[in-house]
Amino acid sequence: MTEFNESRFAESLIAFRHELHRFPELSNQEFETTARLRARLGSHQIRILDLPLKTGLVAEIGDPQGPLVVLRSDIDALPIEEQSGVEYRSQNPGVMHACGHDFHCTAALGAAILLKKQESTLTGRVRILFQAAEETGQGAPEIINTGALKKAFAIFGLHNDPTLPAGVIGTKAGALTAAVDKFRITVTGTGSHAARPHEGNDPIVIAGQLITALQTLISRNAPSADNAVVSVTQIHSGTTWNVIPDSAWLEGTVRTFSPATRQLIETRLRHLLNGIATGFEAKISLDWQPGPPPVINDADWARFALQQATDSGFDARVVEASPIGEDFAFYQQQLPGAFVMVGTGQPYALHHPAFRINDDVLLPVSRYLARLAENALQSEQRPPDGHH
């Protein structure tokens, strides 16, 4: 057997991440990314489950009949023109790994290789998800529909966080990320000459009232201790300077951390629109598009994840909840688990065209994921029959 060389292994992981970074692919288009992962897993004799997935894949290590724990990574990129200046920058125009999914799936690949080396000593099996389409919120439900989580007792996932220093792993019990909902409101009035507004019903004035009123959804409805956000991010109306148009539309997002507040905001929004429509004698329609629910960590598994981080040499911290969205939340509706944030200490935020990742963290995070899965299989928190 070839002796394991840690530095060479770290170099191989970095090289693989750089390769993925050079050739990023958008959600549900990750064909080459999937092929590269399949080839690398195959070269280490890691079995890949035969599942009806167009892109992405699920690998498994350990006793096929043993208790099952799941690790999750994501593989898709964003429609952003890269401006990071790195040598291995994107070769696909207008597409970039600006959220670090190349880092996530390479760390999971590293964990798979490390677990494979000790497969005979595992007290169960580890299933590793290389999930497509996280950015659209559609990838997790697709994996769930294949049955890949059946019989699993816990799931763990991670996301890089450039705002945390390198060497830090953070999480918390309860809500860690927000529910993400999108709305589009269309106001239909009556157009007229700009000099004779009384002959029409100005949708721009109505939209202005709406924008102001929307801010009361949080300040006058949500409990003060329950963080929530409503942001209007687009408004469009009219075509010229001297004509009042007959319609306007605006778009935005709602972020909430509890199911109750999420439902409350949607209900109050609908009531608000109905009231303003009646008051202005206009037609107002709402297209409400629910996204992923909040990531809500199991308290015991969150503590376990932090303890494994400490034992792996990381600075383990309890962190504040973040208003970003994460479709890992769909998995937590199926079984308990924990999602953690990995510090990379970089100056640019997620989804920024100059976003970068600190490669020094790659091998330590691979080791952490492997340790997390191995010790979860031996944990007292594992149900006696190994099933959730």
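1. Let's start with the helix pair. In this predicted model, helix H5 (residues 203–214) packs against helix H7 (residues 259–280) at an angle of about 150°, and their axes are 11 Å apart. The crossing of H5 and H7 is right-handed.

2. Which residues of H5 and H7 meet? On the H5 side they are Val-205, Ile-206, Gln-209, Leu-210, Ala-213 and Leu-214, and their partners in H7 are Leu-269, Leu-272, Leu-273, Ile-276 and Phe-280. Sorted by class, the contact of H5 with H7 has 10 nonpolar residues and 1 polar residue, with no charged ones.

3. Next, the annotated site. The UniProt record, an unreviewed entry, places the feature "binding site" at Cys-99, His-101, Glu-135, His-159 and His-351. These residues span 253 residues in sequence, yet no two of their C-alpha atoms are more than 13.0 Å apart, so they gather at one spot. From this set, Cys-99, Glu-135, His-159 and His-351 belong to the lining of the largest pocket.

4. A closer look at Glu-135: this residue is found in the loop between strand E4 (125–131) and helix H4 (139–145). Glu-135 counts as partly exposed because its relative accessibility is 24%. Setting aside neighbours within four places in sequence, Glu-135 is in contact with Cys-99, His-101 and His-351, and also with Ser-27, Asp-76, Ala-77 and Leu-78.

5. The loop between E4 and H4 also holds Ala-133. Is Ala-133 buried or exposed? At 0% relative accessibility, Ala-133 counts as buried.

6. His-159 sits in strand E5 (residues 152–161). With 2% relative accessibility, His-159 counts as buried, the cut-off for that class being under 20%. Beyond neighbours within four places in sequence, the contacts of His-159 include Cys-99 and His-101, both listed in the UniProt feature. His-159 is also in contact with His-104, Glu-326, Phe-339, Val-340, Met-341, Val-342 and Leu-350.

7. Finally, His-351. Where is this residue found? His-351 lies in the loop between strand E16 (337–343) and helix H10 (362–378). Phi of His-351 is near 75°, again a positive value in a residue other than glycine. His-351 has a relative accessible area of 37%, so it is partly exposed. As noted for Glu-135, His-351 is among the residues in contact with that side of the site's list.

Terms used:
Residues are numbered from 1 along each chain as its sequence is written. This is a predicted model: local features need pLDDT of at least 70, side-chain atom pairs count only at pLDDT 80 or more; totals for chains, interfaces and linings use all residues. Side-chain values use heavy atoms; hydrogens and water are left out. UniProt positions are given in the numbering used here, feature names are shortened, and annotations may be inferred rather than shown by experiment. On a 1 Å grid over the protein atoms alone, a cavity is a set of points where a 1.4 Å probe fits but cannot get out, and a pocket is an open set with protein on both sides within 12 Å along at least five of seven lines; lining residues have an atom within 4 Å of a point. Helices (H or I, at least four residues) and strands (E, at least two) are DSSP runs, numbered from the N terminus. Buried means under 20% relative accessible area, exposed over 50%, partly exposed in between (1.4 Å probe, protein chains only). Contact means heavy atoms within 4.5 Å. Axes are lines fitted to C-alpha atoms, for helices over the stretch in contact, and angles run from 0 to 180 degrees between N-to-C directions. A crossing is left-handed if the near helix is turned anticlockwise from the far one by less than a right angle, and right-handed if clockwise. Ala, Val, Leu, Ile, Met, Phe, Trp, Tyr, Cys and Pro count as nonpolar, Asp, Glu, Lys and Arg as charged, and the others, Gly among them, as polar.
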